[in-house]
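Work through the exercises below with the sequence and the 3D structure open. Try each task before reading its solution.

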Amino acid sequence: MNETMTVENEAMRNGMWRRAALGVALALGVAACGDAQADGTEDEQASAEFARVINVETSEVVPQAFVEQIRLTGVAWANQDVQVSAEESGVVRELLVEKGQSVREGQPLVRIDDAVLRAQVAQARAQADLAAQTWERRKRLYEEDQVGSELAYLEAKFAAEQTRANLDGLEARLERTTIRAPFAGVLDQRMVEVGTLVSPGQGVARIVDATPVKIVAGVPERYAADVRRGGAAVVFFDVLPGEQFPATIDFVGATVNPQNRTFPIEIRMPNPGGLIKPEMVSNILVRRRSLEQAVVVPQDALVRVEEGYVVFVAGQDENGNAVARVRRVTLGPAQNNEVVVEDGLEGGEQLIVVGHKSVADGDRINVVGT
């Protein structure tokens with residue numbers, strides 16, 4: 001019995017020691033975890049301290065020339081585009097030029113039947129010759145020999161003038177039976193065929209002169225003080241990639257269209273090879289003004305704020321560390337993703353162009369590229 005109790009007491013003492021040892025082990029483990037958590041907090045703080053150094057790229061601000069241009073959309077017009085009409089009635093007997101051929105000024109295009117007019121001209125010429133001879137004789141008799149009356153003298157004179165005028169009119173009508181090109185160009189359209197009966201005023205052909213060519217565009221009225229006759233411009237076409245045509249403004253309208261608030265301009269320019277076709281849509285760059293030694297920055301370097309725009313430049317703090325410095329800027333004209341800074345930025349400063357949207361004034365930076 002006593003032996004049995006001794007064994008049980010020994011077992012209880014061993015269990016207590018095991019529980020005590022386990023408790024110590026757990027306490028040590030908790031302490032170790034606490035130390036580990038403390039160490040992790042310090043690492044996070046160190047990581048946070050490191051994360052505030054932001055990698056950026058900079059570009060030195062160098063004053064340069066800046067040209068502000070007005071971008072317009074225009075339409076190409078032929079220098080001359082005329083529908084040639086018949087001036088006499090009759091049947092078309094001959095077509096002298098094929099469609100698409102070049103013609104010179106005064107070149108015959110179409111001939112109308114002129115048989116009746118030729119007969120009338122022959123009759124009028126005979127009457128004019130008779131009247132002229134009669135007038136010459138009456139004049140000599142009356143002025144030299146004082147033979148005949150003054151009335152017969154005047155009748156002979158006016159008869160000669162009348163028949164001559166009638167002959168001139170018929171000859172002019174006969175000449176108009178041949179329809180001619182009013183200027184050099186291309187026969188772009190023919191509206192009659194042999195055998196067509198035409199009347200005065202009826203169109204028979206279309207002549208187009210596309211050398212030079214005119215570019216017509218509308219300029220918004222806010223640019224009225226900047227666009228002048230003789231101003232420089234550049235014209236290019238989407239259908240002619242790589243081709244640019246320097247030109248000057250040939251005409252500036254004097255009034256503003258009340259419907260779209262624009263005024264017209266015309267640019268006359270050569271058309272080598274006939275590449276530019278009338279009614280082609282063109283893009284026009286008209287020089288508005290030029291600035292010398294302007295501070296120009298990429299538009300992507302700007303940061304929008306409530307009061308306007310700011311940029312960030314690379315600077316140093318009191319410890320000599322590289323930091324971002326904010327600059328509030330006043331903007332001027334913009335062109336091709338570049339903008340002029342009129343105030344707030346000076347030449348020689350290092351403008352942050354990459355990473356500028358991730359920094360604030362005074363943040364530590366690391367310049368990794370320029």
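The model is predicted: local features need pLDDT of at least 70 and side-chain atom pairs pLDDT 80 or more, while totals for chains, interfaces and linings use all residues. Residues are numbered from 1 along each chain as its sequence is written, and side-chain values use heavy atoms, without hydrogens and water.

**Exercise 1.** Compare the span of helix H3 with the expected one, then find its buried residues and their packing partners.

Solution. Step 1: helices are DSSP runs of H or I with at least four residues, strands are runs of E with at least two, and both are numbered from the N terminus. H3 covers residues 150–175, which is 26 residues. Step 2: the expected span is 1.5 Å times one less than the number of residues. H3 reaches 38 Å from its first C-alpha to its last, close to the 38 Å expected. Step 3: buried means under 20% relative accessible area (1.4 Å probe, protein chains only). The buried residues of H3 include Ala-152, Ala-156, Ala-160 and Thr-163. Step 4: the buried residues of H3 pack against helix H2 (115–144) and strand S6 (178–180).

**Exercise 2.** List the contacts of Val-286.

Solution. Contact means heavy atoms within 4.5 Å. Leaving out residues up to four places away in sequence, Val-286 touches Glu-68, Gln-69, Ile-70, Leu-72, Val-227, Ala-232, Ala-233, Ile-249 and Ile-265.

Methods
Buried means under 20% relative accessible area, exposed over 50%, partly exposed in between (1.4 Å probe, protein chains only).
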